[in-house]
Amino acid sequence: MLVVALAPNFDDPGEEVLEALRAELRCLGAALLLIGTDHSFCFRPDDELVEEPSTDELRLWAAQLFRAQGVESEALTPETLLLGLLDDGGSLRWHTRRELDGDPSLALLEAARLAAKSALAPAPIGVLSRREVVLTSLIGALSLVLLEGCKRSEPQRPAPSASAVSSLAPAPFEREVTLNVNDKDYRLSIEPRVSVLDALRERLGLTGTKKGCDHGQCGACTVLLDGRRVNACLLLAVMVGKRKLTTIEGLAGPAELHPLQEAFVAHDALQCGYCTPGQIVSALGLLREKRATSAEAIREHMSGNLCRCGAYPNIVKAIEAARDAGGDALPARAT
Amino acid sequence: MRDFDYVVPKSLDEAVARGKQAEHRFIAGGTLLVDLLRLDVERPAALVDLNAVLSERISWAPNGLTAGALARNSDLADHPDVRRELPALSQALESGASPQIRNLASLGGNLMQRTRCAYFRDPGVAECNKRRPGSGCAALEGYSRMHAVLGGSRACIAVHPSDMSVALLALDAIVRTRRSQGGREIAIADFHALPGETPQVETALEPGEIVTEVFVPASGFSRRSAYVKVRDRAAFAFALASAAVALELSGEKIATARVALGGVATKPWRALEVEAALLGRPPTRETFEAAAKLAANGARTTPHNQFKVELARRVVVRALERAAA
Ligand SMILES: Cc1cc2nc3c(=O)[nH]c(=O)nc-3n(C[C@H](O)[C@H](O)[C@H](O)COP(=O)(O)OP(=O)(O)OC[C@H]3O[C@@H](n4cnc5c(N)ncnc54)[C@H](O)[C@@H]3O)c2cc1C
Ligand code: SF4
Ligand code: FES
Ligand code: FES
């Protein structure tokens with residue numbers, strides 16, 4: 001998603017407004033393109049502001065966008081701010097118009113806040129390559145440098161077209177790493193900021209490990225690191241080195257489920273199932289720690305895994321059953 | 001998350017030199033730093049990985065415990081010597097975070113962890129003296145239920161959130177570090193800084209200085225120690241109030257007492273008046289209750305965090321009872 005703003009007499013948002021804007025953009029999962037008379041600004045919530053002279057193409061393109069919404073931007077006074085939300089399909093799905101009587105930066109912020117509220121389905125933080133590509137073709141008229149400012153973002157899928165995007169925005173810190181996941185080596189070229197969770201899900205297609213909070217608070221992303229449970233969202237992939245990762249995909253044998261998986265099924269230890277991969281991998285870590293000595297101990301030592309459906313009683317039962325069935329073995333090929 | 005470089009130093013000296021460079025941050029377990037990077041609170045140019053240059057070793061000798069700065073929180077909590085000889089330390093570690101986080105989190109990183117003040121963690125909030133020196137403090141006028149009642153200043157009332165550090169304070173630990181001039185030892189009581197007018201300065205460490213290990217002396221009171229933590233839910237939450245206590249008994253009387261508080265102060269907090277009131281008394285509930293009344297002396301509360309005064313007292317009583325048992 002892109003927030004496009006036309007603000008004729010606009011200099012510089014200023015540091016404080018910028019911070020607040022970042023927060024709004026983060027909610028929206030969007031970049032901001034602000035087109036002024038002389039200068040245009042572009043930034044993603046996590047990047048520095050890029051400033052470039054405004055070009056005629058840019059102004060024309062924006063004017064067309066708003067015209068499709070029945071707003072004639074050329075007819076506006078220099079004291080008017082137009083702000084719109086450009087969705088992934090390339091249409092302006094919402095816009096607002098405000099007169100700049102006070103501080104233009106604050107007006108911009110207010111408009112961005114309204115935009116955030118209006119977005120019915122906020123996109124996740126970080127924009128996937130598919131959107132990047134749509135955006136690329138859309139804003140083809142923009143200057144390349146401006147684009148770059150908008151482009152740099154979270155890890156991208158290795159979709160064929162993504163290379164076109166990344167060639168626009170070289171990642172200076174990218175490096176080669178080898179990740180051992182479920183006893184298989186994967187060579188990857190990644191930036192230091194990529195977590196194991198994002199590497200698994202976005203790069204290796206191993207989406208069994210879930211992203212709940214991305215802050216270590218829910219346990220949905222639990223994986224084993226050399227047999228010990230950790231939060232994949234808090235672990236940078238470049239720091240894993242030769243250590244072995246085990247994910248939910250690595251638990252079942254060729255023909256049979258892992259005893260813990262069997263137990264979760266048998267005890268109906270889930271409702272929506274979103275937390276389940278994390279619960280099962282965490283339970284495996286717990287059984288290996290030999291601390292599942294009682295229901296109370298299980299509750300305490302599973303406290304790093306939240307379940308919004310509240311399936312806790314059956315999760316505890318499933319873990320007790322798996323413990324009694326000797327379910328603490330790592331799958332043979334992952335030990 | 002913003003982009004940054006990642007550096008693996010080959011020696012401790014190289015790590016110190018790297019750490020001194022502008023916008024370079026050390027990373028050990030990453031459980032604190034990755035969180036702050038994702039929140040956009042930390043915006044480093046590069047991370048300096050300490051994992052190759054520090055030790056994870058935990059060893060017990062008759063004079064005390066030596067643990068490398070990389071010792072994982074779970075390994076330290078579980079170590080049989082730590083459980084037996086320094087129960088408050090083991091219990092404090094066990095009460096912190098989750099099993100998954102404790103498997104990653106290091107001793108050094110735990111000592112150095114930053115406040116959980118919600119305003120600090122939200123770069124969309126303009127006023128935070130810790131994050132942006134001189135910008136003001138949103139918590140003073142805002143919602144301060146989790147904030148400190150002890151050790152605060154006009155500039156900041158953020159709680160130091162580490163459970164482990166509270167136990168280390170009660171047990172007289174010594175932090176060993178390395179800086180360019182060489183190694184030094186810092187008493188745990190001098191390690192964490194009060195906010196004063198400079199809440200952005202959180203420890204005694206100089207730029208580039210690295211925690212290499214922690215020493216906890218064996219003492220007459222270290223075995224008879226306990227940690228009690230009260231939180232909003234039974235597990236996996238930060239302390240509303242906590243206490244690490246240690247007692248040495250001589251006959252029927254208390255000969256030495258250590259009482260440290262967590263969750264209520266801007267740094268791990270020694271309750272010296274409580275300690276003094278315990279000396280020479282029998283280890284009974286009456287003694288504990290009378291002494292604990294002094295636990296939050298000098299407290300400065302807000303309408304939201306007033307409850308912490310009484311809570312701290314009760315936590316101290318419970319911890320003393322557990323240590324004396
Ligand atoms: C969801 C959640 C819940 C938590 N709950 C609790 C809790 O209840 N109680 C509690 O006490 N803690 C809790 N924590 C905090 C946790 O204990 C810390 O995140 C952890 O101890 C930090 O260790 P680390 O090795 O991962 O640090 P890192 O993230 O690697 O580093 C933390 C900081 O320390 C610096 N640093 C690291 N090592 C050194 C060193 N050797 N010398 C100098 N500087 C160094 C880094 O530069 C960084 O600023 C929680 C954390 C999370 C994410
Ligand atoms: S209490 Fe401290 S950390 Fe929190 S907003 Fe105030 S200055 Fe910032
Ligand atoms: S996604 Fe990692 S703990 Fe929530
Ligand atoms: S089953 Fe739905 S969150 Fe746990």
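## Salt bridges within the chains

A salt bridge is counted where a side-chain nitrogen of Lys or Arg lies within 4 Å of a carboxyl oxygen of Asp or Glu, and in this predicted model the side chains of B:Asp13 and B:Arg178 form such a pair, with an N to O distance of 3.0 Å. The pair links distant parts of chain B, since B:Asp13 belongs to helix H1 (residues 12-20) and B:Arg178 to strand E6 (residues 174-179), 165 residues apart. B:Asp13 is partly exposed, with a relative accessible area of 45%, and B:Arg178 is likewise partly exposed, its relative accessible area being 26%.

Over all chains the structure holds 52 salt bridges. One of them joins the side chains of A:Glu289 and A:Arg229 at 2.9 Å, N to O, and this pair too connects distant parts of its chain, with A:Glu289 in helix H9 (residues 276-289) of chain A and A:Arg229 in strand E10 (residues 228-231) of chain A, 60 residues apart. With 28% relative accessibility A:Glu289 counts as partly exposed, whereas A:Arg229 is buried, at a relative accessible area of 0%.

## A network that reaches across the chains

The side chain of A:Glu289 also meets that of A:Arg291 in a salt bridge of 3.4 Å, N to O. A:Arg291 has a relative accessible area of 16% and is therefore buried, the limit for that class being under 20%. A:Arg291 in turn forms a salt bridge with B:Asp78 of the other chain, where the closest N and O atoms are 3.5 Å apart. Through shared partners, salt bridges join A:Arg229, A:Glu289, A:Arg291, B:Asp78, B:Arg83, B:Glu94 and B:Arg102 into one network.

## The interface between chain A and chain B

The contact between the two chains involves 43 residues of chain B and 45 residues of chain A, and together the chains bury about 3600 Å², 49% of it on carbon and sulfur atoms. Within the area that chain B buries against chain A, B:Asp3, B:Arg38 and B:Gln100 supply 21%, more than any other three residues. Between chain B and chain A the count is 7 salt bridges, and 17 residue pairs, with both residues at pLDDT 80 or more, are in polar contact across the interface.

On the side of chain B that touches chain A, at least two residues come from each of strand E1 (5-7), helix H2 (33-38), strand E3 (46-49), helix H3 (73-78) and helix H6 (99-104) of chain B. H6(B) provides the largest share, 6 residues. By class, the residues on this side of chain B divide into 16 nonpolar, 9 polar and 18 charged.

## Ligand sites

Ligand 1 is surrounded by 36 residues, of which B:Phe26, B:Ala28, B:Thr31, B:Ser106 and B:Asp163 are the closest. Residues from chains A and B both take part in surrounding ligand 1, so the site is shared between chains. A backbone N or O atom of B:Phe26 lies 2.6 Å from an oxygen atom of ligand 1, and a backbone N or O atom of B:Ala97 lies 3.1 Å from an oxygen atom of the ligand. From the side chain of B:Gln113, an N or O atom is 3.2 Å from an oxygen atom of ligand 1.

Around ligand 2 there are 14 residues, and B:Cys117, B:Cys128, B:Cys137, B:Ala155 and B:Cys156 come nearest. The shell around ligand 2 comprises 11 nonpolar, 2 polar and 1 charged residues.

Helix H9 (residues 163-170) of chain B is largely enclosed by the rest of the structure, because 8 of its 8 residues are buried; among them are B:Asp163, B:Met164 and B:Leu168. At the start of H9(B), a side-chain oxygen of B:Ser162 reaches to within 3.4 Å of the backbone nitrogen of B:Met164, and just after the helix B:Asp172 takes a positive phi of about 60 degrees.

B:Glu202 lies in the loop between helix H10 (188-191) and strand E8 (210-217) of chain B, and with 17% relative accessibility B:Glu202 counts as buried. Its side chain is joined to that of B:Lys130 by a polar contact of 3.1 Å. Apart from neighbours within four places in sequence, the residues in contact with B:Glu202 are B:Arg114, B:Lys130, B:Phe191, B:His192 and B:Ala193.

## Chain A as a whole

Chain A contains 11 helices and 11 strands, and 55% of its 335 residues count as buried. Among the contacts in chain A with a separation of 6 or more, 60% are between residues 24 or more positions apart.

Conventions. Residues are numbered from 1 along each chain as its sequence is written. Chains are lettered from A and ligands numbered from 1 in the order in which they are written. This is a predicted model: local features need pLDDT of at least 70, side-chain atom pairs count only at pLDDT 80 or more; totals for chains, interfaces and linings use all residues. Side-chain values use heavy atoms; hydrogens and water are left out. Contact means heavy atoms within 4.5 Å. Buried area is the accessible area (1.4 Å probe) that two parts lose on being put together, summed over both. A polar contact is a pair of N or O atoms within 3.5 Å; within protein, one must be able to donate a hydrogen and the other to accept it, and residues adjacent in sequence count only if both atoms are side-chain atoms. Helices (H or I, at least four residues) and strands (E, at least two) are DSSP runs, numbered from the N terminus. Ala, Val, Leu, Ile, Met, Phe, Trp, Tyr, Cys and Pro count as nonpolar, Asp, Glu, Lys and Arg as charged, and the others, Gly among them, as polar. Buried means under 20% relative accessible area, exposed over 50%, partly exposed in between (1.4 Å probe, protein chains only). A residue is near a molecule or strand if one of its heavy atoms lies within 4 Å of it.
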